[in-house]
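The structure comes first, my entries after.

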Amino acid sequence: MSVQRVPVLVVGGAYTGLTTALSLAARGVRPLLVERRPNTSTLPKAWGLNTRSQELLHTLPGVAERLRTALADTQWPRISHGASMADPERLHLDPQAGLPDPQELSAVPPLAWVSQAQVEEILRTSAEESDADIRLGTEMVSFTQDDEKVTATLREVSSGREYVVEADYMVAADGNTSPIRDMLGIAVEGSGTIGHMYILTFEADLTRYVEKGAVEVIGMPGSGSSFILDGSERHTLWVDYFPERGETPEDFTEERCLERIRRAIGDPEIDVTFVNARFFAINHKLAERFRQGRVFLAGDSAHACPPNGGQGGNLAIQDAYELSWRLALVLTGQAGPDLLDTYETERRPIVTITLEREVELAKISEGRVPASYNPSDPDAPIPMPKEFLGFRYHSAAVRTEADDDGSLQEDPWKATGRPGGRAPHVALTEGPRELSTHDLFGRGFVLLAGYEAPEWVAAAEKAARGLGTTLAAYRIGDRFVAGGDAWCDRYGVEPTGAALIRPDAVVAWRAKKAADDPEGELTAALTAILAR
């Protein structure tokens, strides 16, 4: 029997797997993705892409335009509390005035309120256009690994036909119950399953109680229920489910679900079409490691958190992106294999912060809605830009400066441009075109140099040629222009300095001012970052 060889086998076709497949294919590495379901999700599942996820996805071919189309008619989601949807005294918990403007931090919206089903379809279409091998209706039966490869047995679900593939690496994107994680014997930390919900999907004309196309999360204190309205014709009601009290899935008959839906709406006579009811476990899990040999855990297989803050899917997308650019550099010979170790080193501490915050948020929430919503409180357990835009990585893939304090976060409105942090957004112009520094990032490394530093651009060309790696270099003030000293101020360098940006838009190294040997310094930095 012939055996197919692929560079990367991705197991799982939701957020994690599809982002991994698209990101690899976009970087010239054709992956094989297998997913046992016959299609991507047709149910909403999760909502909302934060700023970081949007910025990363916008660097991948086909995604930005499709997301813009999906967002064309969406609104900023509101949050409210009431006895029911029909409650005339329902209280809206809108963000308070006077808070810093999140739009100052990025050129993308602060939140893209789109469903997981929409995003998965965008990722799948874009991945297939980029020549990723996507095999739906195919499951992994077993695998082994050695020092050179992973060998997996795959099965077509419809026919039962089995065949074998070999891969240089495998990515476990198979969810929070991850059979691959179990096969590897990787233990998990955390509180485990901390609650249960049932998700009821239905169709109904709700325009007597909310505007047509409303985007809103509605909580009903004391009822164990909360609505999520995403502007589509299908709506979602989350309801408490207590198997520890003897409740079973069989209790959620269509009749009972319709009764719960009508009660939550507050209209016993409203015409409702039942679509689906499905169980959802609320988990707090963190794998003790994200890698074993040539197999990597990403997304829910590596960690799972309560859904209240809507960050689980965002963590999955970010994991996938962080892992894929590293795999691509190693597989194309631009980096040494030790670069792959920095994936877990960087991601696990940052993920842990989000998991712990989501658990605290779950404690003060009912259904999907927090009992209070006060973004002005820095200690409030709700998603904040400091968490997903102010993160700081520390690993061998970052040239940390001597005076670095080792912090895992900083205020993104006061970003320092230090290595390990997200490259700050600075508005640029290219003739009549307006863009962001983030529009320059994504494919490979990028060197940004101050307007008095043409020598850094020349050094970048020589360093890239010497190392055989992709490195684009731009002098701010030449082709791309920033207002005044905005770029220098945000990146913490003088007009003679430079900053090296990784494919994930993280500052890898910087020179605050001119150097005696710019080519030598840049070559040394890249050599270390790429584990050469």
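I count a residue as buried when its relative accessible area is under 20%, as exposed when it is over 50%, and as partly exposed in between. I keep in mind that this is a predicted model.

Entry one, phi angles. I recalled that most residues other than glycine have a negative phi. I then looked up two residues with a positive value.

I went to A505. Its phi is near 60°, a positive value in a residue other than glycine. I located A505 in the loop between β26 (498–501) and β27 (507–511). Is A505 buried or exposed? Its relative accessible area is 5%, so I noted A505 as buried, being under the 20% cut-off.

Next I took D131. Here phi is near 80°, again positive and again not in a glycine. D131 sits in the loop that runs between α4 (116–129) and β7 (133–136). I read a relative accessible area of 44% for D131, so I logged this residue as partly exposed.

Entry two, strand pairing. Which strands does β4 pair with? I found β4 (residues 78–81) joined to β12 (residues 215–220) by four bridges, and the two strands run parallel. Within this pairing, I saw H81 opposite G219 of β12.

I also found β4 paired with β5 (residues 91–92). That pairing is antiparallel and has two bridges. There I noted S80 opposite H92 of β5.

Definitions and conventions. Residues numbered from 1 in each chain as written. Predicted model: local features only at pLDDT ≥ 70, side-chain atom pairs only at ≥ 80, totals over all residues. Heavy atoms only, no water. Buried < 20%, exposed > 50% of the residue type's maximum accessible area, 1.4 Å probe, protein only. Pairing = 2+ DSSP bridges.
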